[in-house]
Each structure stands twice: as structure tokens, then as C-alpha cells.
Amino acid sequence: MITVIGEALIDLVGDDQGVFRAKPGGAPFNVAIGLARLGVPTALLARLSQDSFGAQLRAHLADNGVSTRYAVTASEPTTLAFVFLDPHGSPRFEFYCNGTADWQWTAQELPDPFPDEVTAVHTGSLALALEPGAGVLEKRLAREHDRGTVTISLDPNVRPHLQPDRDAARDRVEAQLGSAHLVKVSADDLGYLYPGTAPADVVHRWCERGPALVVVTLGADGAFAMGPAQPRVDVTAPVVPVVDAVGAGDAFSAALLAGLHDNDLLAALRQPHPPTLPEDTLRGLLTRAGTAAALTCTRPGADPPRADELADVIL
């Protein structure tokens, strides 16, 4: 089982008439949905509110086969994110998150250690950026990394208006790299954290901090991956009609993790000396992940593809 840790919130997606529709969201939540739709046993470790939006989130998880066995029932309200789309479908988020459920983690709410069924943990985004919960999660992940029994995947998914101190955000992400075996990051994130620095130069530095594999998504320009012992592999992105890009990066993360899971490669990433993946294998994983992201862009909101949809477009 892959367990995803992080926020589960409500996206209020606006249209050109000023009407907002409430949809389940949050980057970790979207990754959990994407994994389950691709046939991977998945659990979400989130703080789910007891309010009506919390019930909507729980129902969506259940409908998609995501386990909530590790979820925490929270008394605080659900976080809200208003989503505004530009003419190209790129989202801008405004969060209402003061005192909401997602950031109030305590050490007692986290399994320690994770049960044997948990082979990998994926996390990141605001859950690892906003206090008081971020520090609690960081300590827990560092301890699990030291145990060496669970593969840890990280997506920083930086939100500049909630992390306006660029230096502090960069220092925090760099510290978290030491607990990660796999990192997926967008070029936009790197552009904010390291303005004027080429993504490949940043990745070279990140690889010295611990991850076995770092994957950078480049939007319409595709993606590339590299590691301390892994030669760089580049892929292009499929050309599709874009409705919006909400959840595209999360769909990429889910498909990448699912591909590693299906090929029994997750455990290899946490070995003291991870093996070099064959170029064709890594290229196939990146292509599949990019296709999942592209399919998500063809429909409104965070709506990652199912396994049969992905199989239909991958030869």
C-alpha cells in the first residue's frame, strides 16, 4: 500500500459567470485519488473535518477506493481554496486556511512506525509548509527515513503567496530533501525557489542531499529525470486541447508512483546504493506520467485518469 499524507480540501472553481463549484481537492488528496484509479492500493492520511465539506471529501475517497483507515477525524473546519483560471487554463489559488483542519497535526495522530503494509509514503505541498503541522510531519518523515523500511516520495508544490519568504521556503525544502528517496518538482517551483538558475543545475545540487531520483515537470515541454547515479532522461509532453491544468501535476505524481509500484521499483529507491534504471524503463515511466497529466488537462478540475483510459492512449 502507498500512503499519501497531506491536505484534503475543497476547491471552489470559478467560471466566467462568477459561479463557484465545490470540488474535492488538495495536492496530496488528488494524488491519492489518482493512485487508486490506477489500481494501486492506497490510503490517505489526512485530517478530515466533521463538517459538510469533510463529508464530501470522505465520500469522494470512498467512491474511488481510497482507504481512510489512517485518517484523523478533526474538529476544525475544512480548508477552502478558490481557483481562478487564466485564458490558458492555468490555475491561480487563493486559500482560506487559518485555523483549518489540515495543519493541526500532533505526533500522536501519526502511525509510528507505519504498519508493514505501507511500502511507500507520498507527501508534500502545504502540509509540509504550514505550521504547526509541518514540523510534526518533518520529524516523523525523518525518523521513517532513518528506519529505511518505507520509500518516501516528496512533491514540494510551492504556493508563493502562502510562502512569501523565498529564502525560508527554499531552506525548508532543502532540509526535507534529506528524508526523500524520490522527488517530483515543477519547473515553476524551481523558478520561484531559485530564480535565474537552470532546473538541471538545481537538480544536481538536490541529488547531493539524498534523493535517488528527481523528476522535473516542464509543463508543455515535457519532463526530465536524473539522480546521483541516474543519467538524465528527457521526454516530451503530449499535445492535447487544454480545458484547465488543475491537478495535472498531481496526476503526473500518481502515475509515476503507480508505474514504479507496478514495476517493483519503489523499494529499490531506498537502498543505500540504488540501482540505475534502464533508460527505456525510466522513459516509459515518465511518458506514462506525462500522458496522465495531459489527460487531466482535457477535462475540468482535478480529474485524474483511470487505468483503462491511460492504457487506451499508451502504445
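## Briefing: cores, sheet and aromatic contacts

The largest nonpolar core holds 50 residues, of which Leu35, Leu44, Phe252, Leu256, Leu260 and Leu286 touch the most other members. The model is predicted.

**Nonpolar cores**

- Leu44, one of the residues of the largest core that touch the most other members, contacts Val4, Ala8, Pro28, Phe29, Ala32, Leu61, Val66, Ser67, Thr68, Tyr70 and Ala71, leaving aside residues up to four places away in sequence.
- Another core, of 38 residues, lies apart from the largest one; Val158, Tyr192, Val202 and Val214 are among its members.

**Sheet and packing helix**

- Strands S9 (residues 120–124) and S10 (residues 151–155) run parallel and are joined by five bridges; Val121 has Ile152 in S10 as its bridge partner.

**Aromatic pairs**

- Phe20 and Phe84 form an edge-to-face pair, with 5.7 Å centre to centre and 80° between the planes.
- This pair links distant parts of the chain: Phe20 belongs to strand S3 (residues 20–25) and Phe84 to strand S7 (residues 80–85), 64 residues apart.
- Phe20 counts as partly exposed because its relative accessibility is 33%, and Phe84 is likewise partly exposed, at 27%.
- Phe20 and Phe84 also belong to one aromatic cluster with Phe82 and Tyr96.
- Tyr194 and Trp206 form an edge-to-face pair as well, 6.3 Å centre to centre with 65° between the planes.
- Tyr194 lies in the loop between helix H5 (187–193) and helix H6 (199–207), and Trp206 lies in helix H6, so the pair ties together parts 12 residues apart in sequence.
- Both Tyr194 and Trp206 are buried.

**Charges over rings**

- The charged end of Arg170 sits over the ring of Tyr194, at 5.9 Å from the ring centre.
- Arg159 has its charged end over the ring of Phe93, 4.5 Å from the centre of that ring.

Technical notes. Residues are numbered from 1 along each chain as its sequence is written. This is a predicted model: local features need pLDDT of at least 70, side-chain atom pairs count only at pLDDT 80 or more; totals for chains, interfaces and linings use all residues. Side-chain values use heavy atoms; hydrogens and water are left out. Two strands pair if DSSP finds at least two bridges between them. Helices (H or I, at least four residues) and strands (E, at least two) are DSSP runs, numbered from the N terminus. A nonpolar core is a set of buried Ala, Val, Leu, Ile, Met, Phe, Trp, Tyr and Cys residues joined through side-chain atoms within 4.5 Å. Buried means under 20% relative accessible area, exposed over 50%, partly exposed in between (1.4 Å probe, protein chains only). Contact means heavy atoms within 4.5 Å. Rings of Phe, Tyr and Trp (its six-membered ring) pair if their centres lie within 6.5 Å; planes under 30 degrees apart count as stacked, over 60 as edge-to-face and the rest as tilted. A charge sits over a ring if NZ of Lys or CZ of Arg is within 6 Å of the ring centre and within 35 degrees of the ring normal.
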